[in-house]
Amino acid sequence: SSLHRAGDNVKGTIENWQPRNVVNVSLKGANFRTIQNAIDWCNVQASATNPYLIVVDNGVWDEALTAVSNISIVGSGRTFLKNTTSPGHIVTITDISNAHYDNLIMQPTVVSAVCFRDTSVTASTELRWSDITVDGTGANGATGWNFLRTTKSQIYNPRIICHISGATTGILFNNTAETWVDIYNPIMEGISSTGGGGYVLV
């Protein structure tokens with residue numbers, strides 16, 4: 001794993017990535033009213049040569065999401081994702097590739113919830129995130145990213161916010177001998193007094 005600090009000449013990937021298929025999620029006037037319904041529908045057609053992009057409208061979306069290969073998600077403005085049901089993980093990722101996540105605000109609300117829970121076990125998994133905010137103000141012990149197994153990931157401009165007394169970990173790496181993650185231009189805000197908000201290697 002490597003950590004690239006501010007000043008590196010990097011930027012996110014969504015703006016340079018133009019899938020031919022775009023669907024919209026909004027409470028009115030869109031293809032779908034929930035993000036997971038959009039993912040499930042796109043998954044029937046999506047492939048490496050036929051990727052889909054889901055554009056999510058402003059607002060707060062309370063869902064447990066399962067990430068899928070060749071389907072990317074971008075927020076169109078202030079797009080908040082959370083999951084108020086136990087265990088509270090927001091996005092679960094297992095052995096997927098060709099997926100991008102951009103311009104999203106993750107708000108864990110359940111104790112020890114994980115915003116992006118990557119349980120991948122194959123080296124082919126490859127994901128990219130850019131401009132993701134993890135606001136850990138509402139869930140004691142929450143984690144922004146938890147890389148549990150082998151993965152290939154690039155994270156651009158992550159912002160970790162922690163304004164609570166309990167530790168909130170920004171990015172947690174497990175099985176580091178098998179993990180390949182690049183982090184570009186991280187921003188940490190309101191680090192908790194108990195040691196949260198940082199990058200932890202386990």
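Where is the place of Asp131? Asp131 sits in strand β11, residues 126-135. Strands here are DSSP runs of E with at least two residues, helices are runs of H or I with at least four, and both are numbered from the N terminus.

This is a predicted model, in which local features need pLDDT of at least 70, side-chain atom pairs count only at pLDDT 80 or more, and totals for chains, interfaces and linings use all residues. Residues are numbered from 1 along each chain as its sequence is written, and side-chain values use heavy atoms, leaving out hydrogens and water.

Start with the overall build. The protein has 1 helix and 18 strands. Of its 202 residues, 52% are buried. Buried means under 20% relative accessible area, exposed means over 50%, and partly exposed lies in between, with a 1.4 Å probe and protein chains only. The protein exposes about 8900 Å², and carbon and sulfur atoms supply 48% of that area. Accessible areas come from the Shrake-Rupley method with a 1.4 Å probe; for residues, only the protein chains shown count as cover. Now take contacts (heavy atoms within 4.5 Å). Among those between residues at least 6 apart in sequence, 76% join residues at least 24 apart.

Next, the backbone. Most residues other than glycine have a negative phi, and most peptide bonds are trans. Asp131 is not a glycine, yet its phi is positive, about 55°. Asp131 is partly exposed, at 38% relative accessible area. Asn98 also has a positive phi, near 55°. Asn98 lies in the loop between β8 and β9 (99-106). Its relative accessible area is 25%, so Asn98 is partly exposed. The bond from Ser86 to Pro87 is cis, with omega near 5°. Pro87 belongs to the loop between β7 (79-82) and β8 (91-93).

Finally, the largest pocket. It holds about 200 Å³ of space. Its lining has 13 residues, and the closest to the centre are Arg78, Ile105, Thr133, Arg159 and Ile161. A pocket is an open set of points on a 1 Å grid over the protein atoms alone, where a 1.4 Å probe fits, with protein on both sides within 12 Å along at least five of seven lines; lining residues have an atom within 4 Å of a point. The volume is the space filled by probe spheres set on the points, which are joined across faces, edges and corners.

Which strand gives the most to this lining? β11 does, with 4 residues. β9, β11 and β14 (159-161) each supply at least two.
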